[in-house]
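Here is a short report on one protein chain. Look over its sequence and fold, then read on.

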Amino acid sequence: MEEGLSSSLLKEKSQVHGGGSSGGESGSGSASATSAVVLSTFVAVCGSYVFGSAIGYSSPAQSGITNDLGLSVAEYSLFGSILTIGAMIGAIMSGKIADYIGRRGTMGFSDIVCIIGWAIIVFSKAAWWLDLGRLLVGYGMGLLSYVVPVYIAEITPKNLRGGFTTVHQLMICIGVSMTYLIGAFLNWRILALIGTIPCLVQLIGLCFIPESPRWLAKTGKGIESEAALQRLRGADADISEEAAEIREYTETLERLSEGGILELFQRKYAHSLIVGVGLMVLQQFGGVNGIAFYASSIFISAGFSGSIGMIAMVVIQIPMTLLGVLLMDKSGRRPLLLVSAAGTCLGCLLAALSFLFQDLQQWIKATPFLALVGVLVYTGSFSLGMGGIPWVIMSEVFPINMKGSAGSLVTLVSWLGSWIISFTFNFLMKWSSTGTFFAFSAICSLTVLFVAKLVPETKGRTLEEIQASMNPFS
């Protein structure tokens, strides 16, 4: 399913942009999405599907695992949340691994780790085996969460880069939804076994796609870099201008040392760091993982059916993510982010009002529907932009000598925020459902201000242009 959807999506992107692009970047400026770019993107986003299926696994598997292995609530909570701890460890190492063994090598390594993790879960006889398997899957997922958007950003033409990179978010969304759906009918061990399929598809696919030309140039493999670029842009494309741009940029960077995480905290990288880290903090603290992990309990506490609410969320999520992909390179990053953040603010406000009216015993019959509308507005708005665009921007704003360290830091911040919100959400809801959603709404309104004041528009600009404007070399 994901292959058909991804391919048709990418064909559609190329048709949208097919007419008249200036050759601002020669090969890179040409609007066509070649079959090599489409195939490479599809293979890369199989990793995003792996990510989604790992996130979606714990919800449908809960009753089966707790019954078969006799796990307590605390033991199952550890099994569920240890995924984000594995992802944090993967995130810390992701940038450096991707810089040492390449983008393709990192995806292959992640797949092998995930396959081992899923296999341990399939054959688990005790809780600690489950936790070990889940930790390994989380580690692989942490690596993939960084390397997939970076690889796609480095291989796509600038006028298609945003839409292609957002397919990463779409495939995570499809991975979660498909796992929910399949998990409703299958045993938890078979569901874990199915988790290995996208890993195997990606592992085989990696044999047929080129390495990132920018990474090859950075490691001094100029001839291989140009060959990879020619393969991606088509045999007849003129790549001289884009190749020269990459070469010139890489030569400039060779005069700079490979940056460590502490070097990121220099004034010249301040704008990139504030934008990259700021968007991740606001994305997570806007409450997305609390709402995603515990949506069913939110609906139940609001007096609505949990299962109907969950189905409604899936029905909204995929089309809105798809719309975000299609609009990404037409409307630009900033307008989509502003609309998306404003929508999440409104969604949280409606949910907060629903719980407030419930507390005040007002409009009792209407409050469950108000909560449903609030959560659906939040989910739809988040899927439109805030879900995918921070990752796209993260892959665009850091110069290549800092990308490894910056990618690790930003991905770590994202997973840390994810763990904090998913861990504290139930305690917050116990404290005050109304207060929790008013707090999320306030953070979402801050996101609107942050985007309006600090986030640059990166649509239709080369990675080199974006980084030169944000981080002038000292």
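Among contacts in the chain between residues at least 6 apart in sequence, 83% join residues at least 24 apart. Contact means heavy atoms within 4.5 Å. The model is predicted: local features need pLDDT of at least 70, side-chain atom pairs count only at pLDDT 80 or more, and totals for chains, interfaces and linings use all residues. Residues are numbered from 1 along each chain as its sequence is written, and side-chain values use heavy atoms, with hydrogens and water left out.

The chain has 20 helices and zero strands. Both are DSSP runs numbered from the N terminus: helices are H or I with at least four residues, strands E with at least two. Of the 474 residues, 58% are buried. Buried means under 20% relative accessible area, exposed over 50%, and partly exposed in between, with a 1.4 Å probe and protein chains only.

Take helix α11 (residues 270-285). Its 16 residues should span 22 Å at 1.5 Å a residue, and its end C-alpha atoms are 22 Å apart, which agrees. The expected span is 1.5 Å times one less than the number of residues. Buried residues of α11 include Leu-273, Val-277 and Met-280. Gly-287 follows α11, with a positive phi near 95°.

Next, a helix pair. Helix α18 (residues 400-431) packs on helix α19 (residues 433-454) at an angle of about 130°, with the axes 6 Å apart. Axes are lines fitted to C-alpha atoms, for helices over the stretch in contact, and angles run from 0 to 180 degrees between N-to-C directions. The two helices are therefore oblique to each other. Angles under 35 degrees count as roughly parallel, over 145 as roughly antiparallel, 65 to 115 as roughly perpendicular and the rest as oblique. Residues of α18, among them Phe-425 and Trp-431, meet residues of α19, including Phe-437 and Phe-440.

The whole structure holds nine aromatic pairs. Rings of Phe, Tyr and Trp (its six-membered ring) pair if their centres lie within 6.5 Å; planes under 30 degrees apart count as stacked, over 60 as edge-to-face and the rest as tilted. Two pairs are tabulated.

| Pair | Centre to centre | Between planes | Type |
|---|---|---|---|
| Phe-355 and Phe-437 | 5.8 Å | 20° | stacked |
| Phe-357 and Trp-363 | 4.7 Å | 80° | edge-to-face |

Phe-355 lies in helix α15 (residues 333-359) and Phe-437 in α19, so their pair ties together parts 82 residues apart in sequence. Phe-355 is buried at 3% relative accessibility, and Phe-437 is buried at 1%. Trp-363 is exposed at 59%.
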